[in-house]
Amino acid sequence: PRMIDPRSPIKLRIAVVILGHEGGGIRRFLLNQLAHSAEHGLDFEYVCLHAGPLHDALRDAGAKTTVVGGFVPTVYPHGPLLAFARWLFPGGGFGATLRALRNYFAQNKPDVIYSHFLHTHIVSALAARKTRIPVIGQVHGTLNVRRLFGLTRIAYSLALACSLDTMVMVSETARKSLWGPARRKARMIYNAVDVQAIEQRVAGAVKTPGRAIIVGRLGSGKKIDLAIRALPHVLAAGIDCTLEIVGGPADDSSAYFRRLTEEVAAWGLQDRVVFTGPINPPYALLAAA
């Protein structure tokens, strides 16, 4: 894609293909991206497969959103290829989504197509095949190089390499977990860290012995349940400690949160484990741990 001077009246039009109900880090990422788009000469338009919380948040923030339809099955964190295969079955919605996106791209002719999931990478690439619009995908997470003797990693990498012109990643470890041509297509964009702001937040913090903290979205991929199950072994070794779990959603709307609270009760750790909910930024808390 061409480089554009932010001062120029010409902007790069980017169609962001999303499910519409994303939450957690991706929702926050896209909203932050939207907030800074104008200063970089970027004009985002959001093509949503569903109306949902992310669609509503983007619309409320002033973004141009369009719901094109097309059902996508739930993305299971431990089986992205299986989830995608379900989408291909009759009634799964793949064909409807493909036609809807193809019509949108033909009518609106964005400069770039951009997405965040294997589902949307593949269907966007197929829909854009004859338009010559470049497809850029942000790839999240690290592939498991051992699952099914590494075949899952190879299949996932090949699907990415065939679908995307360029991949954007924010982790060198995740990039190295890709296989073959997918790794060669990946481009690193490192997260900016405001060191001065962090130093100001942690000034004067005093370490508390035995205070352990986990920070992150409460999702099964974070394996917070392992930390809870490890805590009794640490205590049995004579190490006096507590565990604070920082992140959300820390309420009954989250099945994983309910599972974590059950783990705490089963191990009798109610006086050792605290769920704080989201704390942003968490720097001072971390500095005291």
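Student: Is the crossing of helices α5 and α6 left-handed or right-handed?

Tutor: A crossing is left-handed if the near helix is turned anticlockwise from the far one by less than a right angle, and right-handed if clockwise. Here, α5 and α6 cross in the left-handed sense. This is a predicted model, in which local features need pLDDT of at least 70 and side-chain atom pairs count only at pLDDT 80 or more, while totals for chains, interfaces and linings use all residues. Residues are numbered from 1 along each chain as its sequence is written, and side-chain values use heavy atoms, with hydrogens and water left out.

Student: At what angle do α5 and α6 pack, and which residues make the contact?

Tutor: Axes are lines fitted to C-alpha atoms (for helices over the stretch in contact), and angles run from 0 to 180 degrees between N-to-C directions. Helix α5 (residues 118–127) meets helix α6 (residues 151–163) at about 40°, and their axes are 9 Å apart. Contact means heavy atoms within 4.5 Å; L118, H121, I122 and A125 supply the α5 side, and Y156, A159, L160 and S163 supply the α6 side.

Student: Why is α5 described as largely enclosed?

Tutor: Buried means under 20% relative accessible area, exposed over 50%, and partly exposed in between (1.4 Å probe, protein chains only). Nine of the 10 residues of α5 are buried, so the rest of the structure largely encloses this helix. Among the buried residues are H119, T120, V123, S124 and A127. For the chain as a whole, 40% of its 289 residues are buried.

Student: How many helices and strands are there, and in what order do the strands of the open sheet lie?

Tutor: Helices (H or I, at least four residues) and strands (E, at least two) are DSSP runs, numbered from the N terminus. The chain has 12 helices and 10 strands. Two strands pair if DSSP finds at least two bridges between them. Seven strands form an open sheet with parallel pairing, in the order β3-β2-β1-β4-β5-β6-β7. At its edges are β3 (64–67) and β7 (186–188), each pairing on one side only. From one strand to the next, the twist averages 25°.

Student: How many bridges join β2 to β3, and what does α2 touch?

Tutor: Strand β2 (residues 42–48) runs parallel to β3 and is joined to it by four bridges. Within this pair, E45 is opposite K64 of β3. Helix α2 (residues 53–60) packs on the sheet, where it touches β1 (12–18), β2 and β3, and its direction makes about 150° with that of β3.

Student: Where is I228 placed, and which residues does I228 touch?

Tutor: I228 belongs to helix α10 (residues 224–236) and is buried, at 0% relative accessible area. Not counting residues up to four places away in sequence, I228 touches L243, I245, L260, E263, V264 and L269. Although I228 and E263 are 35 residues apart in sequence, their C-alpha atoms are 7.1 Å apart in space.

Student: Is E244 buried or exposed?

Tutor: E244, in strand β9 (residues 242–246), has 13% relative accessibility and counts as buried. Leaving aside neighbours within four places in sequence, its contacts include R211, V274 and L285.
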